[in-house]
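I opened this notebook to record what I looked up in one structure. The entries follow in the order in which I made them.

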Amino acid sequence: MKPAAFEYHRPESAAEAISLLDELGEEAKPLAGGQSLVSLMNMRLGRPEHLVDINRCAEMDYVRLEDGELRIGALARQRRVELEPAVGLACPLLTKALAFVGHPTIRNRGTICGSLAHADSAAEVPAVAVALGASLVARGAEGERVIEASQFFRGLFTTALAPGELLVEARFPSLQGWGTAFLEFARRHGDFAIAGVAVALRVEGGRVAEARLGLAGVASGPVRAVRAEAALAGEAPSPQLFREAAELAVQDCDPVADIHGSVSYRRQLVRVLVRRALEQVA
Amino acid sequence: MRIQLDVNGQHHVREVEPRRLLLDFLRDDLGLTGTHAGCEHGVCGACTIEMEGMAVRSCLLFAVQADGSRLRTVEGLAKGGTLDPLQQAISDQHGLQCGFCTPGVLMAALDLLRINPSPTEAEVRAAMSGNLCRCTGYEGIVQAVLQCRAL
């Protein structure tokens, strides 16, 4: 349970970090909170030759509202985002989801961008990102590009980030006036989700104007349940409607069996959690 | 790499390999064995310490990352032979049996009380969920944290 040797780099600015990552290429990993990376290194499941520790790049430690978006820098810790009142107002779904991410001590170090870049299929933040259509800003030596969350996740622990690129900012749309809920089932509080659901609904004049639904733990990456969303749009909320939407969400997911649950068990969790989340919101 | 840091008010300068975990640095290099090595992948909470006033897992940090930081470990809690109120409460409420999880429990509970001085029982349970006790002593731990709430 000790990590293999690596070379340690400690840049003082984002520019310096990106030029190091560019120079070192595929053999380098950025180290932010390290709550997933160091654990993998301890188990020798990860053996990067170089670590680029971005923890001294203070300019990337920010959370701010800009152009109706919540902009979260690469160094913003999950705990800080969770406790930030402005986040609770602008993007309550994120606040609710963060309560399920590991434990407070983990969230004291772990970052939002790190969770997105790590892309664990059972993680909560990626499910919120796909549900809300977050924009993810990747910066490399060539400059910046903005990647839609739906295009960012490419399967198990795989993202659209190129070697040398750093996820420098995550942008979540501010959804004021929406109802939101995050529910998940795990064996123990703080474990990764066996299944998790993120729901945001905007109800106007007694009808669902818009619905957003993200799922965690039930495919090789986070899932946006588009069929369920379409079925909800324009309809009056009712127990029957929610049951139908939950059934469609089950079809949208593609779970794999593991020691924690079979495929049909995970589908059943999606069915129940989606229905409960919708009932909670409506 | 040469690092310098403050642990429980004492200044240390040491040469460390980058792969040295902060946990092992504290235990093996500084001899502060109060911080316990449990799962070594961030699950059990036994290695929880305070870095710059915030509870962190010392098994998920490299010692080089703590360069220039102020740390507090369980050894820094009691003052001149007087237990910290939370340590006293753990004792009063029988919040430990074998004591392996206790250093981490203390540091995590202090972090909770720092952010939320009057937590509800549910909040205490949620906050302490990251510290595993295999003697099934959770009831006493929860009662001890509740005893330390600001009134």
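Entry 1. Before judging burial, I noted the rule: a residue is buried if 20 or more other C-beta atoms lie within 10 Å of its own. I also noted that the model is predicted.

Entry 2. I located A:Gly73 in strand β5 of chain A, which covers residues 69-73. Leaving out residues up to four places away in sequence, I found that A:Gly73 touches A:Met60, A:Asp61, A:Tyr62, A:Val168 and A:Glu169. I then checked A:Thr111, which is 38 residues from A:Gly73 in sequence and 8.9 Å from it in space, C-alpha to C-alpha.

Entry 3. I looked up the domain assignment of chain A and read domain 1 (7-53), domain 2 (60-173) and domain 3 (179-281). The C-alpha centres of domain 1 and domain 3 of chain A are 35 Å apart.

Entry 4. I turned to the largest nonpolar core, which has 138 residues. Among the members that touch the most others I recorded A:Leu116, A:Val128 and A:Val270. For A:Val270, with residues up to four places away in sequence not counted, the contacts include A:Ala195, A:Val197, A:Leu215 and A:Cys253.

Entry 5. Finally, I examined the contact between the chains, to which chain A and chain B give 24 residues each. On the side of chain B that touches chain A, β4 (54-57), α3 (102-115) and α4 (121-127) each supply at least two residues. The largest share, four residues, comes from β4(B). I recorded this side of chain B as 13 nonpolar, seven polar and four charged residues.

Notes
Residues numbered from 1 in each chain as written. Chains lettered and ligands numbered in written order. Predicted model: local features only at pLDDT ≥ 70, side-chain atom pairs only at ≥ 80, totals over all residues. Domains from an automatic or database assignment. Core = buried A, V, L, I, M, F, W, Y, C linked by C-beta atoms within 7 Å. Buried ≥ 20, exposed ≤ 12 C-beta atoms within 10 Å, placed from the backbone. Contact = placed C-beta atoms within 7 Å. Nonpolar A, V, L, I, M, F, W, Y, C, P; charged D, E, K, R; others polar.
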